[in-house]
Amino acid sequence: MSDQSPVDDAPPKHTPDADESPHPFPANEVPNQSTSSGPRRYIYTQADMEHFRHSSARKELLSFVTAMGRGLTNKAGASSAASSAAPPPTPHNYDPARPLRYLTPALASLHGSLSCMARTWMDADHPDGIPPDRKAKARFGNPAFRTWHARLVQRSYGIVKCCLDCHRGNCERSSEKDELEVLVECSRNGYRAASTDGPHELTAGSSNSNEQETIEELRAYIHDAFGHPIRIDYGTGHESSFVVFLLALCKIGCFAWMSRHKDDTNDIKGNPTPSPAPPIISRASIALFHAYLSVTRGLQRDYMLEPAGSHGVWGLDDYHCIPFYVGACQMVAREQWQQHQLKEQRTSTQVAFEQTKLEKEESDGDVAPIHPYLPDKALPDPKTASRSLINHNDNLEQWDPSIIHNRQVLETHRQTYLYLSCIHFIQEIKPNVPFFESSPMLNDISSLGNWNKVSSGLLRLYEGEVLDKLPVVQHFVFGKIFCANWSPSRKGPLEAPQWTFINGPMGDECIAPWAYGNNGIDEDPQGDGSLNRRASSGSSLGGIPPTRAPWAK
């Protein structure tokens, strides 16, 4: 298997439009609170959950997820006249043959790292591969995943540092090199950063403290994005951690070419940066999620990660939610593009009719009769007319949500459309189960009339079943970029007991809570273990004799 990242076609130059809507979440604001110890948890109890529900962090995360999908469709907030006049964004913003097309140098580096993780880290035939333990007999959770995750922790510094180096280094190179060359070079650098244990060659040298804090915070987010190494599970909370990682990259300016914002030289240090428009976020997110899903699906398939917090067949999916929403928005954009194509086709047909009538009037002076049909020479070729604006092979097909039951469409277009890719993967890992039994919710969704209802419903589902559920968001960590504006209910999670019945061969016996007296409060103020010694000698504590096993008499 080759270690080289693919070479992509040249990406188009992006020129911001005057009518581009602003980004839905505000620019980065660095809080005053100290996070010198690195990102940490802030959500432990329902009281913390209420703070999170009304926090700016939740609003930013939900706005970013919304922009990931809605940026593909007509611009939100535009007037109806402006929306009808301007062509909608094309749905084919992701071409599997050109995955770097709409990325920036930092995101191209991340894409290269994800490609390396998907191709080599789980390949049993690759020297760097970590194959699953075939001797493990557990239904879920192959222990080899812990080795895989340890490698992620070991190499995450080089992966994140390479992203930041590519973002910062582009300021000097982008004016001299073509964008394609820069993106391919950054992708290969990210690929190498994920394939070596040590720092990448471009990351050599010391970094300032602000950049180190940024790297450590980004590492914390990416560590939680691929599953839990102890529980060996994966769920929507880990998927959300990857979105938080993308949100943090966006807030420090990595979703834009740094050469286009030369005045913002301190974006990595946490200063405010221009917010990218939703279409930029959407196009980049689709490419990155295709690469991310290549990794997570390999983990789910090879290491049999247990679904974390899954509702079983009564849930949307065992592992994911966001790709379904973004994929549904991609289908909405496809519908809008088709409507635009039909309008353009009708306009061109009318122009051709008027031109034919005018030519006939000039040639023989006779007025051509008004007829709804045109001569064959005036009719556009249906095989080429709708492909004149964009080259794609499904432009004449109308797809409603029930298209997921067409296996030929799933197989043909799964590499382009996220929604079809998710459905195809479910059918791949559950081949002998009818779809209405394995995924009844997705089967019910397929009966909806249009993709607008699907996308809006899936966004509400993510908000209600992920962001508003304490068992999911309690594992979020917060730092300076993705920050919490409240004080947590406790300093850290509750620690497990250090000893149980016997603390070593010469340890003290464990005392039952009701044996302490005073409603279970420890009455051993000296802390010298005399309480346990009295229990061992049979003395009563709080008027209650200690419980002794029958064989201890």
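How many aromatic pairs does the structure hold? In this predicted model, the count comes to 22 aromatic pairs.

Consider F52 and W486. Their ring centres lie 6.4 Å apart and their planes stand at 65°, and because planes over 60 degrees apart count as edge-to-face, this pair falls in that class. F52 belongs to helix 1 (residues 46–53), while W486 sits in the loop between strand 4 (477–478) and helix 17 (530–537), so the pair ties together parts that are 434 residues apart in sequence. Both F52 and W486 are buried.

With a relative accessible area of 0%, F64 is buried. F255 is buried as well, at 3%, since buried means under 20% relative accessible area.

Rings can also join up into a group. W121, F145, W148, F226, F242, F245, F289, Y292 and Y303 are linked by ring pairs into a cluster. Aromatic faces meet charged side chains too. R40 lies over the face of Y42, 4.6 Å from the ring centre, and R334 lies over the face of W399, at 3.8 Å from the ring centre.

One member of the cluster, F226, is also touched by T296. T296 lies in helix 9 and counts as buried, with a relative accessibility of 1%. Leaving aside residues up to four places away in sequence, T296 touches F226, Y234 and H320. Another buried residue is M258, which has a relative accessible area of 9% and lies in the loop between helix 8 and helix 9. M258 and A106 are 152 residues apart in sequence, yet 9.7 Å apart in space, C-alpha to C-alpha.

The helices can now be looked at in pairs. Two packed helices are described by the angle between their axes and the distance between the axes. Helix 7 (residues 209–223) packs with helix 8 at an angle of about 155°, and their axes are 7 Å apart. Angles over 145 degrees count as roughly antiparallel, and helix 7 and helix 8 are therefore roughly antiparallel to each other. Helix 7 passes helix 8 in a left-handed crossing. Where they meet, helix 7 contributes L218, Y221 and I222, and helix 8 contributes S241, V244, F245, A248 and L249. Of these, F245 is also part of the aromatic cluster.

How do the axes of helix 4 and helix 9 cross, and at what angle? The axes of helix 4 (residues 105–119) and helix 9 come within 8 Å and cross at roughly 20°. Because angles under 35 degrees count as roughly parallel, helix 4 and helix 9 are roughly parallel to each other. Their crossing is left-handed. On the helix 4 side, the residues that meet helix 9 are L107, L110, H111, L114, M117 and A118. Facing them in helix 9 are A284, A287, L288, A291, Y292, S294 and V295. Y292 belongs to the ring cluster as well.

Technical notes:
Residues are numbered from 1 along each chain as its sequence is written. This is a predicted model: local features need pLDDT of at least 70, side-chain atom pairs count only at pLDDT 80 or more; totals for chains, interfaces and linings use all residues. Side-chain values use heavy atoms; hydrogens and water are left out. Rings of Phe, Tyr and Trp (its six-membered ring) pair if their centres lie within 6.5 Å; planes under 30 degrees apart count as stacked, over 60 as edge-to-face and the rest as tilted. Helices (H or I, at least four residues) and strands (E, at least two) are DSSP runs, numbered from the N terminus. Buried means under 20% relative accessible area, exposed over 50%, partly exposed in between (1.4 Å probe, protein chains only). A charge sits over a ring if NZ of Lys or CZ of Arg is within 6 Å of the ring centre and within 35 degrees of the ring normal. Contact means heavy atoms within 4.5 Å. Axes are lines fitted to C-alpha atoms, for helices over the stretch in contact, and angles run from 0 to 180 degrees between N-to-C directions. Angles under 35 degrees count as roughly parallel, over 145 as roughly antiparallel, 65 to 115 as roughly perpendicular and the rest as oblique. A crossing is left-handed if the near helix is turned anticlockwise from the far one by less than a right angle, and right-handed if clockwise.
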